[in-house]
Amino acid sequence: MTSPICVLRLKPKADARRIRHGHPWAWSDELVLDRRSRAVPAGALAVLEDAERQPLAVGIATVEGKIAFRVLDRDPAAVIDAGWLRTRLAAALTLRERLFDQPYYRLVHAEGDALPGLIIDRFGDVLVVQPNALWIEERLEDLTAILRELTGAGTIIKNGSGRARAQEGLAEDSGMLAGEAPGAPIPVPMNGATYLADVMGGQKTGLFYDQRPNHAFTRALSREARVLDVFSHVGGFALAALAGGARHALSVDASAPALELAREGAALMGMQARFDTRQGDAFAVMEDLAAQGESFDVVVADPPAFAPSKNALTQGLRAYERVARLAAPLVAPGGTLILCSCSHAADLGKFRQACLRGIGRAGRDPRILHTGFAGPDHPQHPALSDTGYLKALAFHLMP
């Protein structure tokens, strides 16, 4: 190595094979935490050794955190410099260019692309970067230069907000890394629909690419259908349904700006006459629709993360059950109910059981048609369930 580097060591009882076989994290209670190791600054490069002092990997130290070490490279002698970063970013770009024929996708998905703490979404000539780890924050200048070289993007935005940064001890800090801020939301073509991404003021990076395959599944179900999209954001499922020939779609969301973007998207598609929105609390709106005797051929509910942590799991599963209980009566006999979860803590089995409880309490008889996940621009690390956070379940409700 070109310069001295910190060394961390696993305890004798720690399972070094887990790291050797591909797990990207070591926990604080697995490390020997003496005066020397506790002095390693957060975000510093470090080599992790097993109890016999055999090097395992090079990565990022955060010894005071629950996750005390994040693997960057399984070669302990790897030099983590601009060249190394360029190689990883180029690999991520190559994968996306094989998957998509237009430059609208998640370009980097943290550990899924072996770049822990880094999220990048691409909107044509605009990139939105979420640096959720100190090691990335300290390398933003290199990152920006490499991204401009590889993608040709003229505008690169830093979105420095969110819970992940707070957990790393990073302050909220957003702004421009390159180019000028877009003066208007960016049109994004996807599944035959047109979405508008507010990359400066919208949720997260402005659009949720992860639901792309589930939007496509919904589109295929929606010919001549009446569709209800609850927790709609900028019209994700509703606009896909309209692109698939839906007779009418209704988007429900608490955010007036998000619904305005949905209406603008429908107008760009020339389908505003078949599209309506309703602003309000999703639970209250579903209750009102049921009281009015409304029914739909396809009902989709894609709520925010009700169980973002294990501590919130019980309450979150109750919320998912309530969504299912309120949504199921709105599905016409023989129609389809699509329920989604982006909660890290609620695995597929727990989420499915919560949905089935709610559907059962509503007196409906379900059959599972389809189980969906995030698209391939959100690659999952097989050792980390968090990178496979998104679940979508489609239920046929018997007549």
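Trainee: Let's start with Asp-377 and Arg-212: are they buried or exposed?
Mentor: Keep in mind that this is a predicted model. The cut-off for buried is a relative accessible area under 20%. Asp-377 and Arg-212 are both buried.

Trainee: How many residues apart in sequence are the parts that Asp-377 and Arg-212 tie together?
Mentor: The side chains of these two residues, Asp-377 and Arg-212, form a salt bridge at 3.4 Å, N to O. Asp-377 sits in the loop between strand E18 (366-372) and strand E19 (391-397), whereas Arg-212 belongs to helix H7 (residues 212-221), so the parts they tie together are separated in sequence by 165 residues.

Trainee: And how many salt bridges does the structure hold?
Mentor: The Asp-377 and Arg-212 pair is a salt bridge, and so is the pair of Arg-165 and Glu-137, at 2.8 Å from N to O. The total for the structure is 19.

Trainee: Which helices are tied together by Arg-361 and Glu-321?
Mentor: The two side chains make a salt bridge at 2.9 Å, N to O. Since Arg-361 lies in residues 348-361 and Glu-321 in residues 313-327, the pair ties together parts 40 residues apart in sequence, namely helices H12 and H11.

Trainee: How are H11 and H12 oriented to each other?
Mentor: They pack with axes 7 Å apart, at an angle of about 40°. The contact includes Leu-317, Tyr-320 and Ala-324 in H11, and Phe-351, Ala-354 and Gly-358 in H12. The crossing is right-handed. Angles under 35 degrees would count as roughly parallel, so H11 and H12 are oblique.

Trainee: What separation do the C-alpha atoms of Gln-353 and Leu-317 have?
Mentor: Gln-353 is in helix H12 and is partly exposed, at 42% relative accessibility. Leu-317 is one of the H11 residues that meet H12. The two are 36 residues apart along the chain, and their C-alpha atoms are separated by 8.9 Å.

Trainee: On to the inside. Which element supplies the largest share of the largest nonpolar core?
Mentor: That core has 40 residues, and Phe-123, Tyr-195, Val-199, Leu-207, Leu-239, Leu-242 and Phe-275 touch the most other members. Elements that each supply at least two residues include strand E8 (126-131), strand E12 (193-197), helix H8 (236-243) and helix H9 (256-268). The largest share is seven residues, and it comes from H8.

Trainee: How many of the residues of H8 are buried?
Mentor: The buried ones run through Gly-236, Phe-237, Ala-238, Leu-239, Ala-240, Ala-241, Leu-242 and Ala-243. Leu-239, for example, contacts Tyr-195, Ala-262, Met-269 and Phe-275, among others beyond four places in sequence. H8 is mostly covered, and its buried residues number eight of eight.

Trainee: How far apart are the axes of H7 and H8 where they pack?
Mentor: Asn-214, His-215, Thr-218 and Arg-219 in H7 meet H8 residues including Phe-237 and Ala-240, and the crossing is right-handed. The angle is about 45° and the axes are apart by 8 Å.

Definitions and conventions
Residues are numbered from 1 along each chain as its sequence is written. This is a predicted model: local features need pLDDT of at least 70, side-chain atom pairs count only at pLDDT 80 or more; totals for chains, interfaces and linings use all residues. Side-chain values use heavy atoms; hydrogens and water are left out. A salt bridge is a side-chain nitrogen of Lys or Arg within 4 Å of a carboxyl oxygen of Asp or Glu. Helices (H or I, at least four residues) and strands (E, at least two) are DSSP runs, numbered from the N terminus. Buried means under 20% relative accessible area, exposed over 50%, partly exposed in between (1.4 Å probe, protein chains only). A nonpolar core is a set of buried Ala, Val, Leu, Ile, Met, Phe, Trp, Tyr and Cys residues joined through side-chain atoms within 4.5 Å. Contact means heavy atoms within 4.5 Å. Axes are lines fitted to C-alpha atoms, for helices over the stretch in contact, and angles run from 0 to 180 degrees between N-to-C directions. Angles under 35 degrees count as roughly parallel, over 145 as roughly antiparallel, 65 to 115 as roughly perpendicular and the rest as oblique. A crossing is left-handed if the near helix is turned anticlockwise from the far one by less than a right angle, and right-handed if clockwise.
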